[in-house]
Amino acid sequence: MEFFSIFNTQLLVAAVRLGTPIMLAAIGASICERSGVVNIAMEGIMIVGAFVSVTVALYSGSPWLGMLAGVLAGGLYSLLHAFSTVSLHLDHVVSGAVLNVLAFGLTRYLMVLIYGHPGTTDVIPVNLSEYQFAIPLLSRIPVLGPVFFNQTPIVYMSFALVIFFTWFLRKTKIGLHLRAAGEHPMALETIGVSVYKMRYLGVLVSGLACGLAGAYLSIENGASFTEGMSSGKGFIALAAMISGGWNPIGAALFSVFFGFADALQIRFQVFKVLAVPEELFIIFPYIATLAAVAGLVRRSRPPKADGVDFIIERAEG
Amino acid sequence: MNTQPVILETRKIVKQFPKVLANSDVSIQLHQGEILALLGENGAGKSTLMNILYGLYQPSSGEIYLHGKAVNFRSPREAIENGLGMVHQHFMLVENLTVTENIILGSEPGRGLTIDYAAARRQVKELSERYSLKVNPDSRIEDLSVGLQQRVEILKALYRKASVLILDEPTAVLTPQEVEGFFTVARRLRDDGVSIIIITHKLEEVKAISDRVYILRRGKVAGMRETSTVSKEELATLMVGREVVLTVHRTPHQRGQKPVFELKNLSVQGERGGEALRDVSLSVHPGEVLGIAGVDGNGQTELAEAIMGLRSVAAGKIIHKGELVTGLNTKKRIHRGIGCVPSDRHRHGLVLPMTISENIAMGLHRDKPNARFFSLDYPAMNSSANALIKRFDIRAPGPLTAAEQLSGGNQQKVILAREISRKPSFLLVNQPTRGLDVGAIEYIHSEILRMRDADAGVLLISLELEEIFSLADRILVLYEGQIVKELKPENSSEKEVGLYMMGGGP
């Protein structure tokens, strides 16, 4: 196979599809960190979402119910992070690390409990990719059409969420409050808006988004759950968020870039266009991540109170 | 007496924190349209009282009356809704948001979820024109000067229709020009019917701006005075609880013949390239205080760092007791008897989480009596720290108290105790009383003069002209990295020195 033949529209379609779970998590992370909570638990939340989606889809027969359940499970699981960081004032990174470990343990335990074995679950009868649909007219545009307007449901949802959360941050009252909570929480509290509520909201948004990302992995891109199937996407999403400057749009663009790196890697492996051991290509997306963060992290400015605990003496008298 | 009705009143407010009684029996009255000062040292309970009024803290007992009605604010929101506005000492502004966004935060115009930015901008403009508080509604806070940021804070309160404005240490961070501007604003607001409470520990501020003043001491009201009939001395006495000498008495003292410390044609690079100090020469004799006057940022930091060996020298010589020390590192300079009281006690003077005794040993911690062989000798360190705690009247439970638990004045005393107890022949003192109470200032000034009377050479760098004039035997004016003038305090005035500090002069 000729080297340049792999650079085609299909590669871009694959970039978007592989970038989607990263994008969802990165949007969520942007909202979460803008509220002032560092969330490295996204990998774990994604795994929980993926597992619950498949299980509910299997038992109910409906992938849509599965997706809904995955989103809710992600939201619920993230509330543990909100509770420990905001209410219990735990270190954000420690809490996130614990929740990641817990998520892997929990899903393995539930695998054995429900399916009787670890590893991979049964395959769901209908997955969401069967609901792929082309948007009339727009999907006819060369290159862009197939890439953006002939996609599966959760991919469309993630596009919509990018637009929604950009609007939310810039134009809404709650968006302004949330940004203030991540920059100067005391300024928000002293004009009478609860910082805790904003931070709970930020974490919850990231939990719901990661739940959806998990559902994408297991019941749209795939049709079953495999332990550890998120393979670092929750962490790559952090890189996308940082490189994208804590903005939903920027985060989304970098997610697609990382998706592109992943798609390229797969093609290099499959088509063996270069005479090197194919295993080497697996590290390609991670190197791209590293390079992007190393190159861009100095230019983007994190929210000032990102990861900084907020505590106010509520007098006990 | 003010005949206007009482708008806000506290009755017998008590606030008990787990370990301290911050307010006990505090009753004050604020009249309509007056500027009331609340004077007290750090830790006197001023801020606690204001935070109670503002709903951030709940009082342990006591009542608050607003317009004659008992109120109990459980959150700032309730206080705001009742017409209270507060400008905190550390501004509550989100730096990367615009002026408009900061002012409307929490009370945004617009229906439903979205913000009506056009309306917000218009309202902010109207407000700033009505009160003549000019500020660009679209600027980001991080691009504004501190004076303008304070304006935004005031507008923020007025936007919420505050009829009572509480200002916590409003001039602490302002330049002299900005202070004048602030006073004008405060008077205009008063004339518009806003009642103002100013929390402060500065006597000048009380005299300059307030109509009446309550003095707080150790959580209690120590007195109330009409500002026009009270002297600074009386205020200081009420505030500290004993007579305070506002200007320490400097007795004539014969200085030594041979200089103990000299700089010869010293040039030093600045942080961002360029020369921060150019061709600076000076000499300090034993038994004299040489004052360096200047506006902040004219080379003071670089001068201090070069003297202590923390910054390399581009050209010139540093001489101590006749020997060249330019090439010596900081440790060797300290061992030669060069002492330093740095300008930032939190960042450079102390290691805050460490104990008093560790902080006092620091720098000489490798030597007897602080160390034995390879380990620190804690019993010896503690006993010498204990002696210094007594000698310098450091208010602390003991030598094992962490430095961060001390008040600013006591932290400065720890540093002073460390440096003075080493009997330096030359002592660099950089802004020794920044942010301290009158009581602590008095003490530190007298200790500095005592060093001079014991024939040490003292180099005093200060941004406060008052301090320079009360301590220095000679004054050098530093302007843009150069010594532009030498003066004798007895033949000069603050006004004259101020002129040279701005680069002018007759």
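**View 1. Burial and overall dimensions of chain B.** Buried residues make up 45% of the 506 residues in chain B, where a residue is called buried if 20 or more other C-beta atoms, placed from the backbone, lie within 10 Å of its own. This is a predicted model, in which local features need pLDDT of at least 70 and side-chain atom pairs count only at pLDDT 80 or more, while totals for chains, interfaces and linings use all residues. Residues are numbered from 1 along each chain as its sequence is written, and chains are lettered from A and ligands numbered from 1 in the order in which they are written. The C-alpha trace of chain B spans about 75 × 50 × 50 Å along its principal axes.

**View 2. Helices, strands and contacts within chain B.** Chain B has 17 helices and 22 strands, both being DSSP runs numbered from the N terminus (H or I over at least four residues for helices, E over at least two for strands). Of the contacts in chain B between residues at least 6 apart in sequence, 69% join residues at least 24 apart, a contact being a pair whose C-beta atoms, placed from the backbone, lie within 7 Å.

**View 3. Domains of chain B.** The domain assignment, which is automatic or from a database, gives domain 1 (6–240), domain 2 (259–337 + 423–506) and domain 3 (350–422) of chain B. The C-alpha centres of domain 1 and domain 3 of chain B are 38 Å apart.

**View 4. The side of chain B that touches chain A.** In this view, 22 residues of chain B are in contact with 20 residues of chain A. Helix α2 (residues 76–81) of chain B gives the most to this side, with three residues.

How values were computed:
Two residues are in contact if their C-beta atoms, placed from the backbone, lie within 7 Å. A residue is buried if 20 or more other C-beta atoms lie within 10 Å of its own, exposed if 12 or fewer, and partly exposed in between; C-beta atoms are placed from the backbone.
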